[in-house]
Amino acid sequence: MKRFSFILSLAFAAMSSSLAAAQDKHTDDDPPRVKRVVKDIPAKAARLDNIYRVKAAKTPSGFPVPRYVSLKVGRVNGRTGPSRKHPIAWQYRRKGLPLVVVAETEMWRKVRDVTGDESWIHKPALSGIRRVLVMESAALHSKAKDTARITALVESDALLDLEECNESDWCKVKSSDGLKGWTQRYKLWGAQKLY
């Protein structure tokens with residue numbers, strides 16, 4: 001059996017050290033009092049069972065709430081309300097980060113992140129592409145069972161594309177370089193059932 005081992009951190013480790021150094025500096029480009037979400041994933045992910053549910057027919061977008069989205073770009077401001085006049089509460093700096101839409105207006109989406117924090121993000125900064133954040137080191141298997149051949153090892157904090165999940169709570173994921181495999185749903189934030 002041939003085993004592959006890879007680390008999917010999408011240059012996060014390199015970004016973390018440079019951004020951590022930059023956090024203490026304020027430039028004219030940075031809005032005041034911005035918290036940058038550049039930290040390790042929490043030991044316990046945000047709860048998703050306490051969200052008000054709205055059917056697709058009753059939302060401005062025509063999609064149900066809650067639903068998963070991901071960041072389309074690598075620098076996104078999360079505001080305290082649904083307009084540019086509201087102060088910036090968070091600045092997300094990780095392209096592809098999965099989020100849950102918990103409310104929406106025509107042009108703004110209120111999202112919850114892996115830490116449980118909520119903010120409003122302008123609609124064009126979000127993508128409907130399903131991505132997941134690996135919560136703990138995980139083996140990817142060739143089939144949806146523990147005894148299947150391991151095709152890859154993934155470290156915590158990696159971002160993966162979510163292809164599907166089955167009734168047995170196994171999810172098929174894919175790395176940015178095309179490696180695929182199955183792992184258990186509980187190891188992934190962004191794969192939990194919302195309904």
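Asp169 is partly exposed, with a relative accessible area of 34%. On this scale buried means under 20% relative accessible area, exposed means over 50%, and partly exposed lies in between, for a 1.4 Å probe and protein chains only. Asp169 sits in the loop between E12 and strand E13 (170-174). Strands here are DSSP runs of E with at least two residues; helices are runs of H or I with at least four residues; both are numbered from the N terminus. The phi of Asp169 is near 65°, a positive value in a residue other than glycine.

This is a predicted model: local features need pLDDT of at least 70, side-chain atom pairs count only at pLDDT 80 or more, and totals for chains, interfaces and linings use all residues. Residues are numbered from 1 along each chain as its sequence is written, and side-chain values use heavy atoms, with hydrogens and water left out.

Asp157 also has a positive phi, about 80°, although it is not a glycine. Its place is the loop between strand E11 (150-154) and strand E12 (159-165). Asp157 is buried, at a relative accessible area of 12%. Most residues other than glycine have a negative phi, and most peptide bonds are trans.

The peptide bond between Val65 and Pro66 is cis, with omega about 5°. Pro66 belongs to the loop between strand E1 (35-37) and E2.

Next, the disulfide. A search of the whole structure finds one, by the rule that two cysteine sulfur atoms lie within 2.5 Å. It joins Cys165 to Cys171, with 2.1 Å from S to S. A disulfide is a covalent bond between the sulfur atoms of two cysteines. The link of Cys165 and Cys171 is right-handed, with 105° about the S-S bond.

Now the aromatic rings. Rings of Phe, Tyr and Trp (its six-membered ring) pair if their centres lie within 6.5 Å; planes under 30 degrees apart count as stacked, over 60 as edge-to-face and the rest as tilted. By this rule the count comes to one aromatic pair. The ring centres of Tyr68 and Trp189 are 6.4 Å apart and the planes stand at 90°, so the pair is edge-to-face.

Leu99 lies in strand E5 (residues 98-104). At 0% relative accessibility, Leu99 counts as buried. The C-alpha atoms of Leu99 and Gly190 are separated by 7.1 Å, although the two are 91 residues apart along the chain.

Val111 is in strand E6 (residues 108-112). Val111 is buried too, with a relative accessible area of 0%. Leaving aside neighbours within four places in sequence, Val111 is in contact with Leu99, Val100, Val101 and Val102, as well as Asp117, Glu118, Ser119, Ile121 and Leu126. Val111 and Arg67 are 44 residues apart in sequence, and 9.5 Å separates their C-alpha atoms.

Step back to the whole protein. Its secondary structure comes to one helix and 15 strands. Buried residues make up 44% of its 195 residues. Among contacts between residues at least 6 apart in sequence, 59% join residues at least 24 apart. The accessible surface, from the Shrake-Rupley method with a 1.4 Å probe, comes to about 10800 Å². Carbon and sulfur atoms account for 52% of that surface.

How far does confidence reach? The average pLDDT, the predictor's confidence in each residue from 0 to 100, is 81, and 75% of the residues score at least 70. Over residues 1-33 the pLDDT is below 50; this stretch has 44 contacts in the model beyond near neighbours in sequence. Over residues 35-39 pLDDT stays under 50, and the model has 17 contacts for them beyond four places in sequence. Where pLDDT is low, the predicted coordinates should not be read in detail.

Terms used:
Contact means heavy atoms within 4.5 Å.
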